[in-house]
Amino acid sequence: MLFSDRPRQHYARSALREVICQLRFPTILSIAANEPAAFQEAIRHAFPRYARKMDNPPPRTAVVNGVPQLVPSPPVVNYHFLSADSRWKLNLTSEFISLSTLSYDGWESFGGTLDLPLAQFIRLYQPAFFQRIGLRYVNLFSRRDLGLEGTPWRELFAPPYLGPLAEEDVPEERLVQSKVNFGLRLDSSCQAKVHAGPGLVKSTQPGAVQDNEVKFVLDLDLSMGGELSPMLAAGALETLHGHAAPLFEGAVTDVLREALELG
């Protein structure tokens, strides 16, 4: 099944690798043109660490002399604000503000951490509206860490998330690649993009020892688009969060739930 009517659960051995919230808005040129000193001062006690970086977006398609070509995109100024323990990262550019964490401990904590910077951003920059509000949950399931080595993926996840892995006559070791990607509407205003499948997760840290265990990735990217009033942003995020649990619970089996251990 894709959705479950199980109540929202908290798992002691959560597989969440990262949770990201991003709010996109029409370009505000003053953000890139001037260091966000007033914004930093308003959030500095919660996010004392600061860095200014230049991002290089992927090339864009443009028509040159009547011929479509890939042309470089201009670099983007990205302001980074980190909590003292580096558990929380806030990013601000001329087109979006985002909050992410690698140590998610519940929606109440995540939402509470977002409240201050979002309110101060709206106060200082007064965006006309948000074009997209997104909430993304990236889960990585390790059979080794969960004591499930030797258990086939088809016993841990529902068939819609498995592709050929759901078939009993297809040994996992014979599949070179098996990924599932789909999008669906959750209600009249929300949608989700889902990526699922096994794979190796590489560390980007210089000199890091790479893990050769195949893990199962369940990436749930929920969003709401249009011209969304800044005053309704918190409610929009609550709505997206409400859709996440039925999706997650519909993806996992009772065998996996037991290994994750209800907290």
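Which residues of β7 lie on one side and which on the other, and are they buried or exposed? Phe96, Ser98 and Ser100 on one side, and Ile97, Leu99 and Thr101 on the other, are all buried, so that both faces of β7 are covered. The close-up views below come from a predicted model, in which local features need pLDDT of at least 70 and side-chain atom pairs count only at pLDDT 80 or more, while totals for chains, interfaces and linings use all residues. Residues are numbered from 1 along each chain as its sequence is written, and side-chain values use heavy atoms, with hydrogens and water left out.

View 1. Strands (E, at least two residues) and helices (H or I, at least four) are DSSP runs numbered from the N terminus. Strand β1 (residues 16–24) pairs with β7 in the antiparallel sense over 6 bridges, pairing requiring at least two DSSP bridges between the strands. Within β7, Ser98 is the bridge partner of Gln22. Strand β6 (residues 88–92) is also antiparallel to β7, over 5 bridges, and Lys89 has Ser100 as its bridge partner. A hairpin of 3 residues leads from β6 to β7.

**View 2. Helix α3 and its kink.** The end C-alpha atoms of helix α3 (residues 107–125) are 26 Å apart, which agrees with the 27 Å that its 19 residues should span at 1.5 Å a residue (the expected span being 1.5 Å times one less than the number of residues). At Asp115, shortly before Pro117, α3 has a kink of about 30 degrees, the bend being the angle between axes fitted to the seven residues ending there and the seven starting there. The buried residues of α3 include Trp107, Phe110, Leu114, Pro117 and Phe121. Gln126, which follows α3, has a positive phi near 45 degrees.

**View 3. The largest nonpolar core.** This core has 64 residues, and Phe121, Phe130 and Phe141 have the most contacts inside it (a core is a set of buried Ala, Val, Leu, Ile, Met, Phe, Trp, Tyr and Cys residues joined through side-chain atoms within 4.5 Å). Helix α4 (residues 233–251) supplies the largest share of this core, 8 residues.

**View 4. Asp219 in strand β11.** Asp219 lies in strand β11 (residues 215–228) and is buried, with a relative accessible area of 10%. A polar contact of 2.5 Å links its side chain to that of Arg136 (N or O atoms within 3.5 Å; within protein, one must be able to donate a hydrogen and the other to accept it, and residues adjacent in sequence count only if both atoms are side-chain atoms).

Terms used. Buried < 20%, exposed > 50% of the residue type's maximum accessible area, 1.4 Å probe, protein only.
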